[in-house]
Amino acid sequence: MSIERLGEAIQRLRQADGGGESGPLGMLPRQFRTLVDVVAGPEKSGLGQGTANGLDRCDDVIELSVEALKQALKRSGRDARRAGALLGLALWWPGDEPDVDWCEDQTRRRAELTAVRGVGHELVDRILLLVLGVATMPLSRAALRVGCRHGWSGLESEYDEWQQLFRQGSEWANSSLEETDRLIRQVGRSHCRTRPDCVGCPLESLLPEGGPYEPE
Ligand code: SF4
């Protein structure tokens with residue numbers, strides 16, 4: 001079953017990772033700072049001084065022009081190209097630590113996030129998972145590539161089928177979706193790029209007979 005094969009793959013990736021931490025370091029749910037980290041990347045140490053950059057509070061971010069926000073992101077070593085999307089998200093953010101019910105109203109939050117300019121489906125899922133604490137798997141390019149190449153699912157599968165696969169595979173491996181997302185993206189960067197580099201990949205022994213299927 002695909003779920004077991006995915007579960008086994010998650011376990012292999014965790015072993016190869018040295019059984020590292022299960023979630024992104026220092027990302028606390030329901031914090032505006034976490035939203036900034038998820039959208040534009042974490043602050044590079046030594047470059048920014050946290051609150052001195054004015055990126056920890058949405059009220060401060062809203063006051064900035066796109067250009068000023070770009071500069072603030074750049075100063076903290078983040079991706080300045082995300083300034084426009086971040087500004088839209090700051091306007092969406094409900095203010096100091098949102099309550100759990102607001103976060104868990106997945107249907108409304110998803111609809112609102114999808115409407116923010118510059119925020120694609122994968123980022124919507126990542127915000128839901130890492131910022132609002134909703135159990136949803138970001139369907140990154142890496143997740144789809146690895147899943148298709150191993151035959152766990154196909155590009156023709158619906159969004160909900162992929163979600164179910166990753167949710168159940170993570171449960172099987174006793175992993176959180178945060179950890180699964182991190183491990184899959186890691187193998188996507190190290191081996192499973194546009195062309196798969198299977199030799200030496202932690203998932204090499206789990207390939208289908210005859211090698212990876214080609215999704216693209
Ligand atoms: S590089 Fe090959 S073995 Fe590694 S995840 Fe991709 S398809 Fe699987």
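Predicted model: local features only at pLDDT ≥ 70, side-chain atom pairs only at ≥ 80, totals over all residues.
Residues are numbered from 1 along each chain as its sequence is written. To the contact between them, domain 1 contributes 7 residues and domain 2 contributes 5 residues; two residues are in contact if their C-beta atoms, placed from the backbone, lie within 7 Å. The side of domain 1 that touches domain 2 consists of 4 nonpolar, 1 polar and 2 charged residues (Ala, Val, Leu, Ile, Met, Phe, Trp, Tyr, Cys and Pro count as nonpolar, Asp, Glu, Lys and Arg as charged, and the others, Gly among them, as polar).

Helix 7 (residues 106-114) and helix 8 (residues 121-131) pack at an angle of about 135°, with their axes 10 Å apart. Helices are DSSP runs (H or I, at least four residues), numbered from the N terminus; axes are lines fitted to C-alpha atoms over the stretch in contact, and angles run from 0 to 180 degrees between N-to-C directions. Helix 7 is therefore oblique to helix 8 (angles under 35 degrees count as roughly parallel, over 145 as roughly antiparallel, 65 to 115 as roughly perpendicular and the rest as oblique). Their contact involves Q106, R109, R110, L113 and T114 of helix 7, together with V124, I127 and L128 of helix 8. By class, 4 nonpolar, 2 polar and 2 charged residues form this contact.

Helix 2 (residues 32-40) also packs with helix 8, at an angle of about 145° and with the axes 10 Å apart. Here T34, L35, V38 and V39 of helix 2 meet L123, R126, I127, L130 and V131 of helix 8, giving 7 nonpolar, 1 polar and 1 charged residues.

The ligand is surrounded by 14 residues, the closest being R149, C192, P196, C198 and C201 (a residue is near a molecule if its C-beta atom, placed from the backbone, lies within 6 Å of it). This shell holds 9 nonpolar, 2 polar and 3 charged residues.

Methods:
Helix = DSSP H or I, 4+ residues; strand = E, 2+ residues; numbered from the N terminus.
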